[in-house]
Amino acid sequence: MKLKTFIAIFLLILTILFSSVGIVSFYLNNSQINMLKDKSIAQFQTIVSSLDRDIAVLRGRGEVDFYGAVDTLVRGYARYYGRHGITISVAGIRAGGEHAAELTFANRGDGHFILITGRLPMSNFLVNYSLDITESITNMRNIQNALLVSAIVFSVISAAALYVILSSIFKPLTIVAETSREIANGKLSERIPVGSKNELSQVALDFNKMAERVQRQMILLEEEALNKQQFVDNFAHEMRTPLTSIYGYAEYMHKALLDDGEVIEISSRIMDKASYLKEIANSLLQLAMLRDYVPTKQEVSIPHLFDDISQTVKAQSEDVKFTYACNANSLNCQEDLIKSLLLNLCQNAIKACTPNEGIICMTATENASGVTISVTDNGCGIPAESVAKVTEPFYRVDEARNRKHGGAGLGLALCRKIAEVHGAELAIKSTPNEGTTVSVTFTTP
Amino acid sequence: MAHILVVEDDQDINEIICKNLKLVGHSYAQAFDGIEAVKLATETEFDLILLDVMLPGLDGFSVFKKIPFAPVIFITAKDGLDSKLNGLKLGADDYIVKPFEMLELLARAEAVLRRTQKNITTFCLDEVNVNMTDRTVKVGNEYADLSPKEFELLEVLIRNQNIALSRDKLLELAWGYDYLGETRTVDNHIQKLRSKLGWESRIKTIYKLGYRLEVK
């Protein structure tokens, strides 16, 4: 594009320049030649008329040696005109017959000449006139050459100037092209620098906006893919461990000599593992179900809800102290989901606590923006770097410890999902070895 | 009869390994993390240690460096080629990749025990006395006349006592992988063993599975 424009404009300049140089030289040449012609004709006529008159005088005097006298006369003329680059010679001819003056150009080895041959009107002599015009012609050629050289110099300068101008005009386009090529090659962070305000800066701004969007989408997609992969990896691991145990126990039952007690023991272990797998499947199903779920909300009395949970928790675990404080009246939610959320949080708290030393406190507070329910324990806490990850499916702070407690690492993921579908926010605050507070804030719209 | 330490953090896998070891007549101790393993191995002398590489507390390689000399079989995860090499480089006797078949684990343990001569060399049941070093069998005071293949089959049954072995498995273990015989051969040899040793009720035919030498 840039090259094409350059060639077109440059050709135009060359055409105009050289055709004008041609025309100028042509006219210069013509006028110079005409001028020389006129000048030589005028001189020739002067010479002819004065020579004619002088010869007539000689004849009138009745010279003895008429031809000798004419010769002397002509030599005198030739000497005089020789100083002006003119050669004159005279030849006798027979009388009668027309003989008009004749002008020719001659280009001999020693230069350029104008030759005129003509008859004297009153005597039988032919005059040969020759004017040396070499100098004029050379001068003219020099002028023409100078014109040509200056035209060439001018075209070179104009080519350079044209290139510079075109480069500055096409520069933004080049940048756009280069940047889009970079982006096409995968460097999504490339942007066009937007400088002064002109027609192209809007294009650049829009282009940058587009690139920004593409990059953001790509990052989101990559994160999503990574999360999915992580999930699948974790899932495979979670499935494999209990399945290996089930296979091992089943193989043992299949081949070993067992007594009745062992049959009961081994089969109940297999059943335990199977129900653990079922639990994972149920939790995953519940997570899937909650993905686009809209809860059927109704007003639930919080003191009543807390009573319920307190009874369940106390029945499950007798070696922790469970208390609750309720400073809110009611909550607009789907009761069974919130119950399962709070039970999950309480069970996590129980797992975190040292037996017989654990204190778990469930509180509800209400302010203008909404209701906050928190579960606080004085258990082992969560390391700072894990706090953000504990709500991811299958994430475990400590493989070995949690495996003994039997959790699959889906509880908090479910809790977060339940909070999400209620438009609530789940926040975790934890200090290792001091305890953890998980709070769910329900904002009233 | 060997005393074996099983170090494996997964409670169920540990349990299954121990049950199988007990079945073929070994005694065992269990450890669920590296520190416990080091403590047990220092206190007691074991004929073999089955050592998981991925352990909480202290990993298997560190445990290996800390314990007094004992034959060790490493238990590694499926894709840990590095850990296999590392284990062998450290001087382990063998490694086995999770998940494994019980018979494979028993065979490898047996191989290591044979090398260190801690394996069972004599076996007594009812009237029968088997000496595996001399390859002789006495029924009462009489030497029983067993063919070499019959003796090998008997040895396989003893080393996998209380475990049901399929006919194919028996072919593989007693005759070798490349033996192209039929499973009928196994049945014939089993019949002969039963009548020569008077073990009609000891070598049980397990329906749809194979044979089992029942010692309990």
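Good morning, colleagues. Because the coordinates are predicted, local features are discussed only where pLDDT is at least 70.

I begin with the helices of chain A. Helix 1 of chain A covers residues 2-61, and helix 3 of chain A covers residues 134-184. The axes of these two helices lie 10 Å apart, and the helices pack at an angle of about 165 degrees. How do the two run relative to each other, roughly parallel or roughly antiparallel? Angles over 145 degrees count as roughly antiparallel, and helix 1 and helix 3 of chain A are therefore roughly antiparallel to each other. Their crossing is right-handed. As for the residues that make this contact, 22 are nonpolar, eight are polar and one is charged.

One residue of helix 3 of chain A deserves a brief mention, namely A:Ser180. Along the chain, A:Ser180 is 31 residues from A:Ala211, while in space their C-alpha atoms are 8.9 Å apart.

The crossing of helix 6 with helix 7 in chain A is right-handed. Which residues make the contact? From helix 6 of chain A come A:Leu305, A:Asp308, A:Ile309, A:Thr312 and A:Val313. Helix 7 of chain A supplies A:Lys339, A:Leu342, A:Leu343 and A:Cys346. By class, this contact contains six nonpolar residues, one polar residue and two charged residues.

I turn now to the sheet of chain A. Four strands of chain A form an open, antiparallel sheet, and their order is 1-4-3-2. Which strands stand at the edges? They are strand 1, residues 86-92, and strand 2, residues 102-108; each has a single partner strand, so one side of each has no neighbour in the sheet. From one strand to the next, the twist averages 20 degrees. Strand 1 of chain A is joined to strand 4 of chain A, residues 125-132, by seven bridges, and the two run antiparallel. Within strand 4 of chain A, A:Phe125 is the bridge partner of A:Gly92.

Chain B comes next. This chain has 216 residues, of which 37% count as buried. Its secondary structure comprises eight helices and twelve strands. Consider the contacts in chain B between residues at least 6 apart in sequence: 51% of them join residues at least 24 apart.

Chain B also holds an open, antiparallel sheet of four strands, in the order 6-7-8-9. Strand 6 and strand 9, the latter at residues 142-143, are the edge strands of this sheet, and each pairs on one side only.

Let us follow this sheet strand by strand. Strand 6 of chain B, residues 122-125, pairs antiparallel with strand 7 of chain B, residues 128-131, over four bridges. One such bridge pairs B:Cys124 with B:Asn129 of strand 7 of chain B. The hairpin of strands 6 and 7 of chain B has two residues between the strands, and B:Asp126 takes a positive phi near 55 degrees there.

Strand 7 of chain B then pairs antiparallel with strand 8 of chain B, residues 136-139, again over four bridges. B:Asn129 stands opposite B:Lys138 of strand 8 of chain B, and B:Val128 stands opposite B:Val139 of that strand. In this hairpin four residues lie between the strands, and B:Arg135 has a positive phi near 60 degrees.

Thank you for your attention.

Notes:
Residues numbered from 1 in each chain as written. Chains lettered and ligands numbered in written order. Predicted model: local features only at pLDDT ≥ 70, side-chain atom pairs only at ≥ 80, totals over all residues. Buried ≥ 20, exposed ≤ 12 C-beta atoms within 10 Å, placed from the backbone. Contact = placed C-beta atoms within 7 Å. Axes fitted to C-alpha atoms, helices over the stretch in contact; angles between N-to-C directions. Parallel < 35°, antiparallel > 145°, perpendicular 65-115°, else oblique. Left-handed = near helix turned anticlockwise from the far one by under 90°. Nonpolar A, V, L, I, M, F, W, Y, C, P; charged D, E, K, R; others polar. Pairing = 2+ DSSP bridges.
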